[in-house]
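Hi,

Here is the structure I promised to pass on. Have a look at it first, and then read my notes below.

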Amino acid sequence: MKKPSIDSFIVRSFKNGRWQEKKDALTGEEPLEIVVTDPAGEHKKTLAVTMRTPEHDDELATGFLFSEGILNIGSEVLQIKMKDANTIVITLDETSFDRAKDSESLNRYSYVNASCGVCGRTSIESLKEKGFKRIQSDWKIPAKTILTFSDQMRSAQKVFDATGGLHAAGLFTAAGELVCVREDIGRHNAVDKIIGHVYEQELLPLNKHILMVSGRLSYEIVQKAVSAQVPILTAISAPSNLAVKTAFEFGVTLVGFLRSDHFNVYTYEERIN
């Protein structure tokens, strides 16, 4: 049976001076509409439509709501139901639904557009207004342990092995053990799937864990780490300036350019020894 996150396509390939036809595996990409309702089902609101790789949609939706401040550790998700292949409906408790009802549209793509007019200072202050707290964590992790993360996460990226076109996020313990990996066309979705997974497993807050993402570190990724109280955030590529400012403001150790033999630390290096 075909995996929901993988499709196949016949391509013409040019190699060694010759054309040939072959089957190529493609990463799935489809929209997901996230709809929330009150406990009685009388009121509904579409909070976001995001392009995603179809798999772990329940984790993606709950993780997104948590990282946006709609859900918190004390919230109650009463029901999660797929209305159709690209619409998920989440029934919330009254308090959480009230937060969702009062929020603006959380369409991530319009929000992060460079022309949206949201400055860095306003972005940081908005997290404080949502109740996001500065991370207080004084435990340390050896540098040699962090160096193992990229190889561990890469070896767990099964869909990437097949398609070569997917981001990933990995969650690690303070001892350097891989807890879980999630893949998606968007690195922010992969992080939401991780947060949704630990939310459903009642493992939040993640104040003794490390999060790793493929690609670069943006403000949005740091926001998600802060929401879950992750003290150390690592990435394969570089952070943006706003990502560094946000990490500094909320007490996140930010690590970039992580490979098996080197990395850079941008904030709070005292957590790594």
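Predicted model: local features only at pLDDT ≥ 70, side-chain atom pairs only at ≥ 80, totals over all residues.

The strands involved are E9 (residues 209-213) and E10 (residues 232-235), which run parallel and are joined by four bridges.

Both belong to an open sheet of six strands with mixed pairing, in the order E8-E7-E9-E10-E11-E12. At the edges you'll find E8 (178-184) and E12 (264-267); each has a single partner strand, so one side of each has no neighbour in the sheet. From one strand to the next, the twist averages 20°. Helix H10 (residues 241-250) packs on this sheet, where it touches E11 (253-256) and E12, and its direction makes about 60° with that of E12.

Now for another part of the chain, around helix H2 (residues 94-102). Its buried residues are Ser 96, Phe 97 and Ala 100. They sit on the same side of H2, because the arc they cover around the axis is only 95°. Strands E3 (30-37), E4 (44-52) and E6 (87-92) are among what covers them. At the N-terminal end, Asp 93 caps H2, with a side-chain oxygen 3.1 Å from the backbone nitrogen of Thr 95.

You'll find Ser 75 in the loop between helix H1 (57-67) and strand E5 (77-84), and it is buried, at 13% relative accessible area. Its side chain makes a polar contact with the side chain of Arg 99 (3.3 Å). Beyond its neighbours within four places in sequence, the contacts of Ser 75 include Asp 93, Ser 96 and Tyr 199.

Cheers

Key:
Residues numbered from 1 in each chain as written. Heavy atoms only, no water. Helix = DSSP H or I, 4+ residues; strand = E, 2+ residues; numbered from the N terminus. Buried < 20%, exposed > 50% of the residue type's maximum accessible area, 1.4 Å probe, protein only. Polar contact = N/O pair within 3.5 Å; in protein donor to acceptor, adjacent residues only side chain to side chain. Contact = heavy atoms within 4.5 Å. Arc of directions from axis to C-beta. Pairing = 2+ DSSP bridges. Axes fitted to C-alpha atoms, helices over the stretch in contact; angles between N-to-C directions.
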